[in-house]
Amino acid sequence: MSSALAHPRVRHPASAGRRAVLGYATGYAAADLEPFVRSLRAHFDGAVALYVDDRPDVADLLDRYQVIGEPPLPRDAWAPHPVMERFAAYDRWLSSRPAVTEVLLTDVRDVVFQGDPFTRPATRLEVYSEGQGGLAGHAFNMKHMRAVAGAPLADAIADRPSLCVGTICGPAVEVGRLCRTLLMLAAIPRSEVGGAFGADQAACNLAVHLGLVDADVRPNYERVATIGDVRSAGLHVRDDGLILNPDGSISPVVHQYDRHQHLADAVRGRWGRPDHCVARGRRKTFRDRRRRLAASINRRLPELR
């Protein structure tokens, strides 16, 4: 896969080599990645690295848009869910590239770009709130925080903002420190808990709200618009295809657009071919149900260390 850093049609600003965008995108075809890659390259010509599967269609897409393709981390005794595994990969990538000073860690399949994500420099570690109210209103987050850290700690921060781990931005040194902190928190409970889907979100909220890392909690609809919980009536698409925030502003990074059918249709029409939309729902197969039941049972069984 390509190791080039620049979009071939864009000239580098002086800061291009110091900024990077990282994502973990295993399990996806090229069509799933196309809106992310194409929209990002329309606005950003710095380093972009995606951890992907070894697929010809994916390799071709990354080559065309000069994106670094990284193989997933090798599995050893601990085989966490990719949402947790990614932070080890990010920390390793950043540690080997000291020239990178500013980085955006981001989900891939449900993210689209509407501007340069670094238009406003991130001088501190930034994490982004999602939804309305505090963590107490987010049953998913509370469930996993109680599993990772116990009910007393989870309940102690229940009134704090709900933070989304899907987008994180800031100085590379501070982002790397956060990655290691999340991995440390995930290693404390049983591996069936700390390595599971949801543990990443829990660890992020715990790390920030308990003061284990120094982070700037940014409101929604600034650098990042996280719109999964927003009512569709408050989200509109401009004639040129840009997604407007409820107040009419435009965020350079839009996360979870696929929770809304009309936004998914607009992104597909502008940037790519995927026919995926969470809003439509997906019928669970017998294999899905069996996997979920097995995970639930494993969390309750004794674990050998």
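Modeller: Helices (H or I, at least four residues) and strands (E, at least two) are DSSP runs, numbered from the N terminus. This is a predicted model, in which local features need pLDDT of at least 70, side-chain atom pairs count only at pLDDT 80 or more, and totals for chains, interfaces and linings use all residues. Residues are numbered from 1 along each chain as its sequence is written, and side-chain values use heavy atoms, with hydrogens and water left out.

Colleague: What separates R268 and D265 in helix α9?

Modeller: R268 forms a salt bridge with D265, with the closest N and O atoms 2.4 Å apart; the term means a side-chain nitrogen of Lys or Arg within 4 Å of a carboxyl oxygen of Asp or Glu. An α-helix has 3.6 residues a turn, so residues three or four places apart point the same way. R268 and D265 are three residues apart in α9 (residues 261-271), so what separates them is about one helical turn.

Colleague: Is D265 buried or exposed, or does it count as something in between?

Modeller: Buried means under 20% relative accessible area, exposed over 50%, and partly exposed in between (1.4 Å probe, protein chains only). D265 has 34% relative accessibility, so it counts as partly exposed.

Colleague: How many salt bridges does the structure hold?

Modeller: Side chains of opposite charge can pair when their charged atoms come close. R146 and D155 meet in this way at 2.9 Å, N to O, and E222 and R218 at 2.8 Å. R146 is partly exposed at 38%, and so is E222 at 30%. The number of salt bridges in the structure is 20.

Colleague: How many residues of helix α3 are buried?

Modeller: α3 runs over residues 82-95 and reaches 20 Å from its first C-alpha to its last, close to the 20 Å expected at 1.5 Å a residue. The expected span is 1.5 Å times one less than the number of residues. The buried residues include V83, M84, W93 and L94. Helix α3 is mostly covered, and of its 14 residues the buried ones number ten.

Colleague: What kind of pair do the rings of F87 and Y90 make?

Modeller: Rings of Phe, Tyr and Trp (its six-membered ring) pair if their centres lie within 6.5 Å; planes under 30 degrees apart count as stacked, over 60 as edge-to-face and the rest as tilted. F87 and Y90 both lie in α3, three residues apart, and both are buried. Their ring centres are 5.9 Å apart and their planes are at 85 degrees, so the pair is edge-to-face.

Colleague: Where do F44 and F118 lie, given that their pair links distant parts of the chain?

Modeller: A search of the whole structure finds four aromatic pairs. In one of them, the rings of F44 and F118 have centres 5.4 Å apart and planes at 45 degrees, so this pair is tilted. F44 is buried at 4%, as is F118 at 1%. The two are 74 residues apart: F44 is in the loop between α1 (30-41) and β2 (47-51), and F118 is in the loop between β5 (111-113) and β6 (126-134).

Colleague: Which element gives the most to the largest nonpolar core?

Modeller: A nonpolar core is a set of buried Ala, Val, Leu, Ile, Met, Phe, Trp, Tyr and Cys residues joined through side-chain atoms within 4.5 Å. The largest has 46 residues, among which F87, W93, L105 and L182 touch the most other members. Elements that each supply at least two residues include β1 (19-24), α3 and α4 (139-149). With eight residues, the element that gives the most is α6.

Colleague: Which residues make the nonpolar surface patch of about 450 Å²?

Modeller: Patches are made of residues with over 30% relative accessible area and no salt bridge; like charges are joined within 9 Å and nonpolar side chains (Val, Leu, Ile, Met, Phe, Trp, Tyr) within 5 Å. Accessible areas come from the Shrake-Rupley method with a 1.4 Å probe, and for residues only the protein chains shown count as cover. L212, one of the members, is partly exposed at 42%. The patch is made by L153, M184, I188, L210 and L212.

Colleague: What is the phi of Q256?

Modeller: Most residues other than glycine have a negative phi, and most peptide bonds are trans. Q256 lies in the loop between β12 (253-255) and α9, and it is buried at 10%. Its phi is positive in a residue other than glycine, near 70 degrees.
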